Amino acid sequence: MNSTEAAENRGDWPRRLRALARRGWKVLRVNWHLGVTAFGGPPVHFKIFNEKFVQKSKWVDEQVFQEIFSISQSLSGPASTKMLYCINLLHGGFMAALFSFLLWSLPGAIGMFGLSIGVSSIDENLPRIVYALLSGLNSATVGVIALAAVELSEKAITDPLTRIIVFVTAAAGMLYNALWYFPVLMLVSGLATLVNDYRWIHRPLGALVKRLKRKKATHPEVGPQNATTARSSHELEARSELPVSEDEANKNDRPSGSSAENEPRIVPQELRFNMSWKTGTVIIVAFFLSFIVAMVLRSVLPAPGPPILYRLFSNMYLAGTIIFGGGPVVIPLLREYVVAEGWVSARDFLIGLALIQAFPGPNFNIAVFLGSLTAINAGHSSVAGALIAWVAIFSPGLILVHGTMGLWSAARNRRWVKSVLRGINAGAVGLIYTAVYRIFMVGYIDQGFQAGRSLGDDPWWVVITATSYVGGRYFKLNAPSAIVLGGLMGLIRYGVVNA
């Protein structure tokens, strides 16, 4: 670079800074309130995003919005956070996406951090009125998540197969739990719709049925009716031997679905993500290499093993990598990564579970609460624990979706991609029903059973669950109001029982 070019580049800095400031102000103006007003979990978040970015600001159109929705649902990590990140990534680039994520996540994260400090200083046994309040909040949360599952099912179920996938993944998730299990269920769901849409089983079965009918026709039983049937079979065989046009042959090889779904998608230039599939692949590969290194280091470090803050990082990194289905699924599963390790008590976990439902923004912010308590209980800085957990649990989903957006520009018109995503979406919805079951089984807490018991042990908690579901489903009761109402009903129970 010669001296003239260097001088021109130096002269460009003020202009670039002004352009960056304008983009930052635009992102702030559109996104600033979402992190403090978006209550209710992913289903409500998606509705808010559609109104904000499709209908009002028109940053994306409806079809791009649905494509981003499919990508967000099909990858691990926080679904609504990934969707917000991708919308801002398309509109303003990486810095805009990162800024929008901070605006979205930090308010709730800071709130959960402050609550973790308060929870760490309370006695082992809380007043019973507090347990009643928390149990009421948990009961209402179950109803809210159940409603989310039903509403997402209405979009994910497009045919009998996806209905079966939702049911099977929900049932399978209730029956068994392991770190590798949910990703496998999602993969099988995607393969099931792929096989079905491309008729990979239909053709062999059809050929087998045809062969059996032909064999039966060559050995007819005596009788005029069978003779007629044999003649009809020979006529059908003769027709099948007639030449078939090239268009008809190609039509038979196409996957099932409407012609509109098979049409190539023409995306306006302003809605395209300017990153090659090669760069996207490099990002994804680099992430998985970092994941392998993190897991291997944890297992090979000599006794007494890696420090607890590193184990906290690796557990949260693992959770953010393998958990599909977003916030409703991550909350009960984090119990395995934190409570089972002995870092946080079951009571404190359930307190965090009840509190995160009343907070705006992503449910993944519960990791800040758990990370802070883990550090405090181990004698480390609460700020360090909260920051480590926050970075570790959000990073996998954001990195993967960033790389996938590069691949998506090249793969978005592939029919097999659409088929796989359809099955993965259905599988993700099924796992939300699993989350409903798991929270239901530990939502009732009291002095005698701080690790949680089934809400079904007391009909009052079931009534609260039903109230929050019916209120949201039929009376437009929003999630924050439903959860507050559940807490009040818990207090009413306490007043009646202890009167």
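**Note on the predicted model: helix packing and selected residues**

1. Aspartate 348 sits in helix H17, which covers residues 346-356. The model is a predicted one, and in it this aspartate counts as buried, because its relative accessibility is 8% and the cut-off for buried is under 20%. With neighbours within four places in sequence set aside, the contacts of aspartate 348 are Val119, Phe369 and Leu373.

2. Some totals for the chain follow. The protein chain has 499 residues, and 48% of them count as buried. Its secondary structure comprises 22 helices and two strands. Among contacts with a separation of 6 or more, 75% are between residues 24 or more positions apart. The accessible surface is about 24700 Å², and carbon and sulfur atoms make up 64% of that area.

3. Serine 382 belongs to helix H19, residues 382-411. Its relative accessible area is 15%, so serine 382 is buried. Apart from neighbours within four places in sequence, serine 382 touches Phe113, Ile117, Ser372, Ala375 and Ile376. Two of these partners, Phe113 and Ile117, fall within helix H6, which runs over residues 94-120.

4. The next points concern helix pairs, starting with H4 and H5. Helix H4 (residues 62-74) packs against H5 at an angle of about 135°, the axes being 9 Å apart. The crossing of H4 and H5 is right-handed. From H4 the contact takes Val64, Phe65, Ile68, Phe69, Ser72 and Gln73, and these meet Ala79, Lys82, Met83, Cys86, Ile87 and Leu90 of H5. By class, the contact of H4 with H5 has nine nonpolar residues, two polar and one charged.

5. H5 (residues 79-92) also packs against H6 (residues 94-120), with axes that come within 7 Å and cross at roughly 145°. The H5 and H6 crossing is right-handed. On the H5 side the residues are Ser80, Thr81, Leu84, Tyr85, Asn88, Leu89 and Gly92, and on the H6 side Phe94, Ala96, Ala97, Leu98, Ser100, Phe101 and Trp104. Nine residues in the contact of H5 with H6 are nonpolar, five are polar and none is charged.

6. How do the axes of H8 and H9 cross, and at roughly what angle? Helix H8 (residues 160-175) and helix H9 (residues 181-197) have axes that come within 11 Å and cross at roughly 165°. H8 is therefore roughly antiparallel to H9, as angles over 145 degrees are classed that way. H8 passes H9 in a right-handed crossing. H8 contributes Leu161, Thr162, Ile165, Thr169, Ala172 and Gly173 to the contact, while H9 contributes Tyr181, Phe182, Leu185, Ser189, Ala192, Thr193 and Asn196. The contact of H8 with H9 divides into seven nonpolar and six polar residues, with no charged ones.

7. Arginine 453 lies in strand S2, residues 449-453. Is this arginine buried, exposed or partly exposed? Arginine 453 is partly exposed, because its relative accessible area is 36% and the class spans the values between 20% and 50%. Its contacts, leaving out neighbours within four places in sequence, are Phe440, Met441, Val442, Gly443 and Tyr444.

8. Lysine 58 is in the loop between helix H3 (42-56) and H4. Its phi is near 55°, a positive value in a residue other than glycine. With a relative accessible area of 60%, lysine 58 is exposed.

9. The other is lysine 476, placed in the loop between helix H21 (459-474) and helix H22 (479-497). Phi of lysine 476 is near 60°, again positive in a residue that is not glycine. Lysine 476 has a relative accessible area of 73% and is exposed, the cut-off being over 50%.

How values were computed: Residues are numbered from 1 along each chain as its sequence is written. This is a predicted model: local features need pLDDT of at least 70, side-chain atom pairs count only at pLDDT 80 or more; totals for chains, interfaces and linings use all residues. Side-chain values use heavy atoms; hydrogens and water are left out. Helices (H or I, at least four residues) and strands (E, at least two) are DSSP runs, numbered from the N terminus. Buried means under 20% relative accessible area, exposed over 50%, partly exposed in between (1.4 Å probe, protein chains only). Contact means heavy atoms within 4.5 Å. Accessible areas come from the Shrake-Rupley method with a 1.4 Å probe; for residues, only the protein chains shown count as cover. Axes are lines fitted to C-alpha atoms, for helices over the stretch in contact, and angles run from 0 to 180 degrees between N-to-C directions. Angles under 35 degrees count as roughly parallel, over 145 as roughly antiparallel, 65 to 115 as roughly perpendicular and the rest as oblique. A crossing is left-handed if the near helix is turned anticlockwise from the far one by less than a right angle, and right-handed if clockwise. Ala, Val, Leu, Ile, Met, Phe, Trp, Tyr, Cys and Pro count as nonpolar, Asp, Glu, Lys and Arg as charged, and the others, Gly among them, as polar.
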